[in-house]
Amino acid sequence: MGKVEIKEVYMNYHSLKSSTSALNNISFSVNDSEFLSIVGPSGCGKSTILNIIVGLLKPSSGEVYIDSELINGVSPKIGYMFQRDHLFEWLTVWDNIMLGLKIQHKLDIEKKDRIINLLKDYSLWDFKDHYPNELSGGMRQRVALIRTLALNPEVLLLDEPFSALDYQTRLNVSDDIYKILKKENKTVIMVTHDLSEAISMSDRILVLSNRPAKIKKELNINFELDSVSPLKRREAPEFRGYFNELWKELNS
């Protein structure tokens, strides 16, 4: 399971002198195992939507449901990956991944076996005793993802997860992480400024307007060879058409 529903969400920020409207009647749903990306102008409220979904922010009005259950506060069904990997430099890869389960007192033999399998499946087992400063940027992001997957969330939120990487690493890591998420059958909502990244990884893309953000357009992404990787999608004939459509929408 992992269906997400956002219903009529408004968000206003208040100060002593003024009120700023950030989100204006945001409603959408994400199906189980779907990969949805959200794009829009800088500062329009993309990350605010993720923070509301995960329960870090309470909307001024509106509701969020996971598998038809109303979310109040932080939900254990949701995992969150930020722009930075936030690995603890003084802990090994193994201890970084274990940390969340230890804090939640959920570490048992079954979960430990799952982590071992994740590390082996995604080529990190040989690095389990390394420290983060001994890893490449791409490997650090894979460790951060496995740390999130260790808690076995149904829904994964990605907030510009590759923006701190150089371009070549970014392409390779987005390819790796896409394959991991598809294999693990997770529902994903990703915020990105990179239109090519959104097109190459997503089943569907939402385009937001300037603040106060509303949904301007919803674009379904379909490639003839649907099982191809993000790198291969960038070479597909459909790619340019989707890019031009999104670019036109963002600049209209």
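Two strands are taken to pair if DSSP finds at least two bridges between them. With that criterion, the predicted model contains an open sheet of 6 strands, in which the strands follow the order 6-7-8-3-9-10 and the pairing is mixed. Its edges are formed by strand 6 (78-81) and strand 10 (215-220), each of which pairs on one side only. Averaged over this sheet, and with direction ignored, neighbouring strands are turned by 15 degrees against each other.

At one end of that order, strand 9 (residues 204-208) and strand 10 pair in the antiparallel sense, over 5 bridges. Within this pairing, L208 has I215 of strand 10 as its bridge partner. Two helices can then be placed against the sheet. Helix 5 packs on the sheet by touching strand 3 (35-39), strand 7 (155-159) and strand 8 (187-191), and the direction of helix 5 makes about 135 degrees with that of strand 3. Helix 8 (residues 237-250) also packs on the sheet, where it touches strand 9 and strand 10, and the direction of helix 8 makes about 175 degrees with that of strand 10.

Helix 5 has a helical partner as well: helix 4 (residues 137-149) and helix 5 (residues 167-184) pack at an angle of about 20 degrees, with their axes 10 Å apart. Because angles under 35 degrees count as roughly parallel, helix 4 is roughly parallel to helix 5. The crossing of these two helices is right-handed. On the side of helix 4, the residues that meet helix 5 are G138, Q141, R142, L145 and L149, and their counterparts in helix 5 are T169, V173, D176, I177, I180, L181 and E184. Sorted by class, this contact has 6 nonpolar, 3 polar and 3 charged residues.

The model also holds an open sheet of 4 strands, whose order is 2-1-4-5 and whose pairing is antiparallel. The edge positions here belong to strand 2 (19-30) and strand 5 (69-70), each pairing on one side only.

Key: Residues numbered from 1 in each chain as written. Predicted model: local features only at pLDDT ≥ 70, side-chain atom pairs only at ≥ 80, totals over all residues. Heavy atoms only, no water. Axes fitted to C-alpha atoms, helices over the stretch in contact; angles between N-to-C directions. Parallel < 35°, antiparallel > 145°, perpendicular 65-115°, else oblique. Left-handed = near helix turned anticlockwise from the far one by under 90°. Contact = heavy atoms within 4.5 Å. Nonpolar A, V, L, I, M, F, W, Y, C, P; charged D, E, K, R; others polar.
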